[in-house]
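Please have the sequence and the structure at hand while you work through them.

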Amino acid sequence: MTDPVLATDGVTKRFGALAACDGVSLELRPGEIHAVIGPNGAGKSTLIQLICGGLAPDAGRVTFRGRDVTASNTQARARAGLGRTFQVSALAMEDTVLQNAVLGALGARGGAFRVWRPALRDPALRDRAMAALERVGLADVAAVRTAELSHGQRRQLEVAVALTLEPHAFVMDEPMAGMGPEGSARMTRFLDGLRGQAPILLVEHDMDAVFALADRLSVLVYGRVIATGSLAEVRADPAVREAYLGEDA
Amino acid sequence: MKLRSLIAAACIGALGTAAAASEDTVKVGMITTLSGGGAGLGIDVRDGFLLAIEQAGRDDIEVVVEDDQRKPDIAVQLADKMIQSEKVDVLTGIIWSNLAMAVVPSATARGKFYLSPNAGPSKLAGQGCHPNYFNVAWQNDNLHEAAGGYANDAGFSNSFILAPNYPAGQDALAGYKRIYDGELAGEVFTKLGQKDYASEIAQIRASDADSVFFFLPGGMGISFLKQYADSGLDLPVVGPAFSFDQGILQAVGEAALGVKNTSQWSKDLDNAANTAFVAAFQAEYGRLPSLYASQGYDTANLLMSAMDAADVGDAEGFRAALKAADFDSVRGDFEFAANNHPVQDIYVREVIKEGDVFTNRIIGTALEDHSNVYVDDCKM
Amino acid sequence: MPAPRHKAISVTPILFIEQVLNGLQFGVMLFLMAAGLTLVFGVMGLINLAHGSLYMVGAFAAAAVAGATGSFLLALVAALAAAAAAGTIVELVVIRRLYHRDHLDQVLATFALILIFSEGTRWVFGSFPLYLNIPDYLSGPVTLPGGIEYPLYRLAIIGVGLAVAVGLFWLVSHTRLGIRIRAGESDREMIAALGVDISKLYTVVFALGAALAGLAGALVGAIQSVQVGMGEPVLILAFVVIVIGGIGSIKGALVGALMVGLTDTLGGVLLPALFRLFLDNSAATTTGSALASMLIYILMAVVLIWRPRGLFGVAA
Amino acid sequence: MSREGWINALLLAGVAGVPLWAWAVDEPFTITLATRAAILALAGVGLNIALGLGGLVSLGHAAFFGIGGYAMGILASHAQAYDPIMEAPILIQGTKSMPVIWLVAVAAAALAALVIGALSLRTSGVYFIMITLAFGQMFYFFAISWPAYGGEDGLSIYVRNGFPGLNTLDPIQFFGLCFALLLLALLFSARLAKAPFGLALNAARQVPTRVATVGLSPFRLRLVAFVMSGAITGLAGALFADLNRFVSPTMFSWQTSGEIIVFVILGGVARTCGPVAGAALFVALEHVLGDLSDYWHIYLGLILLAVVLFARGGIVGTLAGRGRAHD
């Protein structure tokens, strides 16, 4: 078995008496899409924060590409090659689509402390940003202000910004959220192709997408992982059937 | 003229003199504080100054008045305007030492005359003195020195002294200590603009002082006096006239009654010029004149006396005419020391109530023919 | 001429206790200012630089009424009423247009209000300070246990301030208005959904804050000077208080006010005394006083560096 | 050229043209006013980097303005008294040379901004506004009670400092110098806004989490912006002191900070030439309204209120349409 790219080992985060994450251990292996599902309030958002450096765990470790990054902040983890998308689009709405993508390219370059030459006229930055926009299909609207994009386009731009970093792993927080069936299908196809580039930890509510994409699945309930494994294994898990899928299935 | 200006050419009814006026008119630029918290002082200086000109009935003086908002940079800007655009011959009006320090050196360096109706910082009296700079009020230390003189006369031997922690405050305590012979029960610098003196009053109470000297101009003094009166302390208090001025005395009220203060002027000074001034000021403006009004009035009279003796275009002659100080000062005898600061008597006044109005009356003389200690530093 | 000899002021226990009382009184007065400021920020999210102007309005109204009627109680009532009225008018005409703006617009608009209030007051009342004094029945010192003589009026201010503090805690925790205020702090949309007339609530809260500022102005005006521009130094201190306490927290305002009051008062006495241990008297007095005047700002910076949202501030 | 570009060009032509006209008709005071406007605009350009691009509402920029002023005051006062600033361990003399004074002012203000920024940027929102105010007040009280350089009286310089090849005492030449520096600062801030740094800083204002997740540190971006901002405002302070040949603690007062903010908002937040429009209008209002009434602050207040309530985006924003920071 290959070493995981990204792993959590018993991470725990408490807010007062409530344990939002309680000893969560997960592995993201090369080339896979690992989906994390669970009802609202299961601790998915907290888990993402712990993985990406927005919160520090009370206990447990996070390792990325073989290194312990538990003590690193968000920027350090990003520079190490962790690409993230947000559930609610976190984009500079006043800026153009291209400017948002260039921001990612700046991050990939490792610094933005240049004060004279316009960023958009730097061929290296621009090419990298345009390449990412083309891959998600936003090249046509590169000059449009982000605030004027449709909801689906913003989801695409979220992914494009992460792409510019050429990360070693993606962490995606509900990339299908709020998209119509058609948009979801397009995003599903896109992510399917992306797994060759880097593995994806996918937190998602859209079960069609999860079933279509996930190589493996973890089910989070009340801050704990109650099951992990392939689709078939998880579907067969009695605890999952009772706690979560039971109501739907 | 596009600028706001009070043209005080008091040529009421004197038609036909206007043509002649332009020939040898003296143009005066008055920069003073007319807005914000310290406006009362500037208004009094302006009113006193304009009253003197109106009384004299002269049509050969043109006064441009501007408000410095008590900001040094605005004062400098206005001085530039007066000199560059208005082409004034004489500047006057500044109330505050820090504004004077900002304006006076460069104005006199550019050949203008400056007559100070209020501020007298030590730098302008000593090394920074200038033949074109005349102080018609006092050197800043004077009234504090007089308070020290009064303390000696009254037999105080252990004073508690306090002033705000800024140059004028530091000078004030130095001035008091220069003349005062006794010991100090305590020496405290307060914050500039401080309004609560409970802490200082507690320290006075805890000390074994037999008297209190304070210099707290404006609202600071009002606060101190009210709180001191309420504290039950009954040590004698002495201070310079600034906290007992006609303008703010009404705001202090009973708390000031009986307090001694030192001043080179008082409305009950018995001389003809002063009697006429007090009556005319009340008639014109409907209020009692203040120390500042008297200084503005004297400043204008000094200027007019010099104009009678020499032409302003003749700098040498005009300077000598100013220095002669050949005018009837409302404070009685007045002459200039070698550094162009007054040599004058400084009185002790007591706060009294006349009808409903709080005011001062003279009870003695603290220092006679008092000059200042910076004369020897002035080389001109 | 022999230079007068200095005797350093020693800090005796009685002096220390008196200074603590002074610090308390100053703190309580700051609390009256800070409570309104912090409520208005907590409920409406508004930075109100013109709060100091309402303090001034209270003092001037009190001075005017005391001058006309001779009654200090009427003067206090007038201060409360005038400040509340001024607050209501300003809220209706200007402030309510600012709730949805960013802090920058609020800073500029309320800065403009300061200019209007200050010069307007000068226009009405003139450039000279007004007279307002302590009523006879509250004047003079009383002797406290331990032989400390302390002005009765200052004790009265401490009493009024603590009573207002208790009243405010009760108001916020036990009344319908308080429930709405707390709801408004946590979730504005929710209380609109509950059918509370939110714009009326905002006007009431703003007027309440204004009235407290006016009360502080009148109480303090009697021992200080009633003059134009008296509000701004207090305003800055009140901001220091609510920032130390955590914006929006009445408890924080009380704790912050007492901290600032005690720090400022005791620092002014103790620092020069401390410096006298290793500097000569005059240098110690100047240096100590200089540092004392910076002390509360240093306190605030330290608190914020340690806890970026103040002592009782809620996390973002 | 965009509409805003035309407005900027007209504005700058106006700020340069008025003193040229005044020079032609020999109205030196108008030149002085224009110089004042140009210098205050420069202070605003500095603040605009922190406030407009970075979203950092600093109510303590008077600290940097004052530091620049005192850098000039201290260096020039020692030079005019032939009294070295320091003799041991190395001899440091005062100077009357503007370029040297500017360098010192910029360096000192930048250093102060680095320290103040590093501490203040741990907070945000209102807390940031207030902690910067607190630092400004510390400088103010220190300057008032520190006797070595005049305390509240301030420091007077008798002759304006020199610049190689120019007669700085001539109002129009000194204006030219200040205007040139203003143009340089405008060019720098315009380039900065489009450069990688400006792009990242602007994004950090809108979505700091996004900036962090691409590996850039919002804190460092803001800190560097705050330092640049403080340095430019410090340069303006040095020029302002030279214009008045005087420096005093007033430069450190919180009203000064407030006025610099007013220039920026009045002109238009995050607009390159916003501070120029704001400062020019402010100086003109001060001059014209002062002639109308002793109570002119009331009118100034009403005008400022009207701008906030009805002309969002400031002068440039209203004229050029579509705001950036205030949408």
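This is a predicted model, in which local features need pLDDT of at least 70 and side-chain atom pairs count only at pLDDT 80 or more, while totals for chains, interfaces and linings use all residues. Residues are numbered from 1 along each chain as its sequence is written, and chains are lettered from A in the order in which they are written.

**Exercise 1.** Determine how strand S10 of chain B pairs with S9(B) and with S12(B).

Solution. Start with S9 (residues 237–240) of chain B, which pairs with S10(B) in the parallel sense over three bridges; strands are DSSP runs (E, at least two residues) numbered from the N terminus, and two of them pair if DSSP finds at least two bridges between them. Here Gly239(B) has Asn261(B) as its bridge partner. Next, S10(B) and S12 (residues 342–354) of chain B pair in the antiparallel sense over four bridges, with Val348(B) as the bridge partner of Thr262(B). Finally, look at the directions: Lys260(B) and Thr262(B) point one way from S10(B), Asn261(B) and Ser263(B) the other way, and all are buried (20 or more other C-beta atoms within 10 Å of the residue's own, with C-beta atoms placed from the backbone).

**Exercise 2.** Describe the contact between chain D and chain B.

Solution. Count first: 24 residues of chain D are in contact with 27 residues of chain B, contact requiring C-beta atoms, placed from the backbone, within 7 Å. Then find the largest share of the chain D side, which is four residues from H2(D), where a helix is a DSSP run (H or I) of at least four residues.

Technical notes:
Contact = placed C-beta atoms within 7 Å. Buried ≥ 20, exposed ≤ 12 C-beta atoms within 10 Å, placed from the backbone.
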